[in-house]
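I set down here, in order, what I looked up in this structure.

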Amino acid sequence: MKNRIVYADNAATTKVSPEVMNAMYPLFMNGYGNASSVHSMGRSARRVVEDAREKCAKAIGAEPSEIYFTSGGTESDNWAIRGVCRKLAVKGKKHIITTAIEHHAVLDMCKRMEKQGFEVSYLPVNELGTVSPDAVENAIREDTALVTVMYANNEIGTIQPISEIGEICRKHGVLFHTDAVQAVGNVNIDVKSQNIDLMSVSGHKIHASKGIGLLYIKKGLAIDNFMTGGAQERNRRAGTENVPAIAGFGVAMEIAAREVSAKVARLTPLRDRLIDGILELPHTRLNGCRDRRLAGNCNISIEGIEGESLLLMLDMNGICASSGSACTSGSLDPSHVLLALGLSHEIAHGSLRLTIDTDTTEEDVDYILEKVPAVVNRLREMSPLWEKIKKEKE
């Protein structure tokens, strides 16, 4: 029987905050006009949308006219890559640069572009999950259409040298896109000073609702439209606006940008306690960079166990965690991110990702550090491979 519930899977999704809910609820019940309608309720809805657009723009150092609302990070990533490539293909630019540890929203779209005649360079990362800016620069060619490197990894929490990569892309006249889904609210972002041309953001990672996000597109940059069939989003993304979700998203972006420093200051000590506590178990290793890391991310490989069994037993104890990206949780394959770090299939299969957030307490961390070792030790006792692993390590 579960004694308590500790939610430690915030990289997968976060709960909607009271502030966001308060912004959304009246728009379901009273202000439900179509933002494209000319009557008073439609005009009122339009004002809500444009107010949220201003908040989102301010949060990342952009202009409101550069913000396009989408259904979330996956759509934004798809639109950025496909939109740029289709536009530049006619100019003979059919080369994409990305990394081996991107979210599948990027990797799968790159694979699709390969089937359409594009060449993709998948840059390796070091053992900490960091891509070298020099490697990015060395990979740029005359026919490079786009560089797409995620701001912070969703599995291991490593923060990439985005400003340096942006500067390199600007120097060579190559467009730069970053998936910042995990980064918003955890780092200070300024798309202008960091030379970012396109950036993806998702609402449900920052306490807004699911099904809302944005794509920042630098002013003057022409890319193919994502959908046709209406004049919404300045003729670039058709479909009736989800006004309540957009309103909540604007509030969430405003709060996320305002509270970065406070969030990092509060979560970093809790995260470090989690990391240090679990690493006391023998034959464990931290995945990702210790310093350039999202404040709420703890990803550790634990030898001698299967990640799925660990998650199920933790869930029986009321701890909600994951072994990697929630978008690939149904896959039996080990994480492509962990394999890119150089881990073996066996070790990658035994990974545990704990992602905490502003509601996480010291007592929650105490509870996790009580239950994880107990569950790990029980699973190891049941594993026929554990004795072999111990002997090999001696």
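Where is Glu 280 found? I located Glu 280 in the loop between α9 (260-278) and β9 (284-286); helices (H or I, at least four residues) and strands (E, at least two) are DSSP runs, numbered from the N terminus.

**Basis of the entries.** I note that this is a predicted model, in which local features need pLDDT of at least 70 and side-chain atom pairs count only at pLDDT 80 or more, while totals for chains, interfaces and linings use all residues. Residues are numbered from 1 along each chain as its sequence is written, and side-chain values use heavy atoms, with hydrogens and water left out.

**Glu 280, continued.** I looked up its accessibility next: Glu 280 counts as exposed because its relative accessibility is 68%. The classes are buried (under 20% relative accessible area), exposed (over 50%) and partly exposed in between, with a 1.4 Å probe and protein chains only. I also looked up the separation of Glu 280 from Ile 356, 76 residues along the chain, and found 20 Å between their C-alpha atoms.

**The whole protein.** I recorded 14 helices and twelve strands. The radius of gyration is 22 Å, close to the 21 Å that the globule rule gives for 394 residues, so the protein is as compact as a globular protein of that length. That radius is taken over C-alpha atoms, and the rule is 2.2 Å times the number of residues to the power 0.38. Along the principal axes, the C-alpha atoms fill a box of roughly 70 × 55 × 35 Å. Of the 394 residues, 56% count as buried. I found that 74% of the contacts with a separation of 6 or more come from residues 24 or more positions apart; contact means heavy atoms within 4.5 Å.

**Strand β7.** Is β7 enclosed or open to the outside? Five of the five residues of β7 (residues 198-202) are buried, so this strand is largely enclosed by the rest of the structure. In a regular strand the side chains alternate between the two faces of the sheet. I checked both faces of β7: Leu 198, Ser 200 and Ser 202 are buried on one side, and Met 199 and Val 201 are buried on the other.

I then looked up the pairing of β7; two strands pair if DSSP finds at least two bridges between them. Strand β6 (residues 175-179) runs parallel to β7 and is joined to it by three bridges, and His 177 has Leu 198 as its bridge partner in β7. Strand β8 (residues 213-217) runs antiparallel to β7, with five bridges, and Ser 200 has Leu 215 as its bridge partner in β8.

**His 95.** I found His 95 in strand β3 (residues 95-99). His 95 is buried, with a relative accessible area of 0%.

Thr 130 lies in the loop between β4 (119-123) and α5 (133-139). Its C-alpha atom is 8.2 Å from that of Gly 288, 158 residues apart along the chain. Beyond its neighbours within four places in sequence, Thr 130 is in contact with Val 125, Thr 158, Gln 160 and Pro 161.

Glu 241 is found in the loop between α7 (232-235) and α8 (243-258). I noted that Glu 241 is buried, with a relative accessible area of 10%. Leaving aside neighbours within four places in sequence, its contacts include Asn 34, Arg 46, Gln 232 and Ile 246.
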